[in-house]
Amino acid sequence: MNKAVNNGVWSGSWVAERLGVELAGDGRLTELVGLALRRNPKRAHLLVSNVLGKHVPQSPSVVYGHGFALGRRVRELLGAEQAGRAVVVGYAETATGLGHSVADGLGLAPYLHSTRRPVPGVTTAGGFEESHSHATSHLLLPEDPALLAGDGPLVLVDDEFSTGNTVLNTVRDLHQRYPRRRYVVVALIDMRSPADAGQLEDFAREIGARVDLVAAASGTVRLPDGVLEKGQELVARYEADSLEADGPIDSAGARGTARPAQGDPHSDDHGMPHGPVQRVDLCWPAGLPDGGRHGFTPAHRTRLEGALPAMAARLAEALPADTRSVLVLGFEELMYAPLRLARELERVARAEVRYSTTTRSPVLAVDDPGYAIRSRLVFPAHDDPGDGPGERYAYNVAGADFDAVVAVVDSTADTPALHAPDGLLAQLAAHVPHVLLTVVPSYVPEPPSAPERPSMLPEPLRGPAFSSYPPEEVGWLLQDLSDVTLEAPTEEREEAIQSGGAHYAESLPVEYQPTEQYQELFHAALEETAARLAQAVGAVTEIVLAERSPRPVLVSLARAGTPVGVLMRRWARFRYGLDLPHYAVSIVRGRGIDANALRWLATHHDPSEVVFVDGWTGKGAITRELADALKEFEAAEGITGFDPEIAVLADPGSCVRTYGTREDYLIPSACLNSTVSGLISRTVLRADLVGPDDYHGAKFYRELAGADVSLEFLDAVTARFPEVADAVDAQAKELLSADRSPTWAGWKAVERISEEYGIHDVNLVKPGVGETTRVLLRRVPWKILARAGAGADLDHVRLLAEQRGVPVEEVDELPYTCVGLIHPKYTRGATGADGKAVTV
């Protein structure tokens, strides 16, 4: 049996002894949690809950009881009347089951949990970032949009309350949409420092709401000097050792034998194969949600409780007669349904029942009684996750002497990868004599019926009436907002964006007017890089023609993608005499791509021929935004065929397969704003200007014609096409035969930088030369990180930084040439009287 305290040995003692970590606070802390290690740039240790049912198998009654008891405490705090108006929100993936249990204890509260699984056709009601996590993006996808719209108390449930940043991010996002007067934060353990506790109180005063905290236990973690480096060294050493062994490493650093870390899927601990996996049909009630991803009401709970006895009886009947111990293993966010099944099975089965779930979270396994994670199974993701493939884990299953495991997954996750030779079921079968699989239907709300739309959409705008590009170069699927005043001072925009008062797409920054010195830098950079750019343009176009379509429809993401789309069109004409159609459409982070523009494209072209084009990747936010938006569009419109794979000139973030280069170097079109993009502004999406049947908007800055270098940029690069043709052939051939799978290295680097610099919001970290330039031109910069030894590619960045009074810090081993950090705590006082950023 896995316990935080086992035979007098605390399951945090191994880490505490080696790192000097101490838990101070309630006497219950060491009962509730143990300690483990994982690779993390900010925190060496990991608190592992013994009562959450995630990493440590536990009695389902104990797991459910802790959450239910917290819900009762919230009910007492609020009183019956307020409790009856409350809504409970839990955090994915770890606290989805805990939040459900709290809602049960509260009584009549509906429940919703965040999710990292985009669901086509379901409108996002909110979202936030959990920047310290290994997987950060959370979505709120209620079936009923009114679920979050009331003014009753909002109860936020997480397993651990460490800094409060995640809760602040959530409340900040939701409060601007659905303001209310009271919030209650619930956690199994409250581990905040005094400074973090003050931050929550200050935030409550700022928004004018009451915020209470309810926790089962509280305390702090005391860390000695050098603990981070020492912890990282321990993890690196034990991970290296584990690669050479079949099992986890014990306390002496020796190879484990009884608890394999990554079992051979074809044999048991003694080298003998186990039997086949047995499916068990639960007869899950039709239309009953599998959990709170889209909302779970008291009526749903009543239906579930009525069906549980019969479903548990089917599981009990399927277990072998001699079963002494059984583990019910849930799946990532699917925690509540397996927990309730396990609790009911515990009542009717003769065997000892334990409960835990699989997880995304990578943790080091060490086979020692004083360590919380004794063993781990590693297997590929099997639900086609929105953020791409990756490893998943099941902890403390191998070597735990279970006679049977009941794996509970939803139907979305019942894929070939689940049943593959290296999949979860095979890993379980290698360590447990009997494996049962039960599949709960994935609940997907019915899409709302769409109102009738106008059958005709406007034709694309073209130059010279809209943009300084010739009409054949690009058609803009936008509406002209040139006569509307949309510009606001940079400092005011930043304050509004970071306070949650406005979305960045609702206004425009004042167009930067380059100094003479900066213009000279642009022209020098263009002369220096034109051939390099021409080669990258040729390479990415050749890949598109070879892999996507011999006559693609280029659709650039306005506006940074538009010059690249024009250049790709010019390469196809130069090399093959092709006259490719090219359009520009708007995509807005957090709000998706312009659906009306997609409808126009689908009416006039085959969607399978469309290739989306952008300038460069940073951390990959727009890459993910496009993929999610196209899924929603397909579900809502019934129009299929659009490929979410973006073609980019440069992919330093390793986010896409179709690119000209993965180097992070200066692209001169990133140096300027509209004056290198056809005099078109960044796109605008504001409800009072853009109706449901309108394209997103943009402005044409005709008054800046005297400073326009859009065609000069294009012509300078196009002039180099003949001299780079042979190099393009060689580069394209090399790329076409190479493994170009995205690694998302940029996203991981951004998470690390966000934590190392205490920003705690990945949206304020802008990686790469292009994004750094945008920070200096449009936002309130804090500091610039530059790779040590970076040369002329950063001359314009250094000049802009000097002009704005922003420090440039050289950093060794930076994965990008540079990274721009937006001021993390911006107010009007964060800039001086001259508008320059304060350095802190």
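**Entry 1: a sheet**

In what order do the strands of the open sheet of four strands stand? I looked this up in a predicted model, and I found the order β33-β36-β34-β35, with mixed pairing. I noted β33 (765-767) and β35 (808-811) at the edges. Each of these two has a single partner strand, so one side of each is left without a neighbour in the sheet. From one strand to the next, the twist averages 20°.

Strands β34 (residues 781-787) and β36 (residues 818-822) run antiparallel and are joined by five bridges.

**Entry 2: one side of a helix**

Which residues of helix α18 (residues 710-718) are buried? I listed S710, F713, L714 and V717. Why do they lie on the same side of α18? They cover an arc of only 95° around the axis, and therefore they share a side.

**Entry 3: nonpolar cores**

I next turned to the interior. In soluble globular proteins, nonpolar side chains tend to be buried together. In this model the largest nonpolar core has 133 residues. Those with the most contacts inside this core are L37, L148, V155, V186, Y371 and L428. Strand β11 (residues 182-190) gives the most to the core, namely seven residues. There is also a second, separate core, which has 66 residues and includes L649, Y665, A801 and C818.

**Entry 4: the backbone in loops**

Where are the cis peptide bonds that I noted? One joins A92 and E93, with omega about -10°. E93 is placed in the loop between β6 (87-90) and α5 (96-106). Another runs from G463 to P464, with omega near 0°. P464 belongs to the loop between β21 (434-440) and β22 (475-476).

I also recorded positive phi values in residues other than glycine. Phi of E332 is near 45°, and this residue lies in the loop between β15 (325-330) and α10 (336-348). Phi of S467 is about 95°; its place is in the loop between β21 and β22. Is E332 buried or exposed? It is buried, with a relative accessible area of 5%. S467 likewise counts as buried, at 1% relative accessibility.

**Entry 5: confidence**

I finished with the pLDDT values. The protein chain averages 84, and 86% of the residues score at least 70. Over residues 245-273 the pLDDT is below 50. This stretch has 75 contacts in the model beyond near neighbours in sequence. Residues 827-840 also have a pLDDT below 50, with 30 contacts in the model beyond near neighbours in sequence. Where pLDDT is low, the predicted coordinates should not be read in detail.

Definitions and conventions
Residues are numbered from 1 along each chain as its sequence is written. This is a predicted model: local features need pLDDT of at least 70, side-chain atom pairs count only at pLDDT 80 or more; totals for chains, interfaces and linings use all residues. Side-chain values use heavy atoms; hydrogens and water are left out. Buried means under 20% relative accessible area, exposed over 50%, partly exposed in between (1.4 Å probe, protein chains only). A nonpolar core is a set of buried Ala, Val, Leu, Ile, Met, Phe, Trp, Tyr and Cys residues joined through side-chain atoms within 4.5 Å. pLDDT is the predictor's confidence in each residue, from 0 to 100. Contact means heavy atoms within 4.5 Å. Two strands pair if DSSP finds at least two bridges between them. Axes are lines fitted to C-alpha atoms, for helices over the stretch in contact, and angles run from 0 to 180 degrees between N-to-C directions. The arc is that of the directions from the helix axis to the C-beta atoms.
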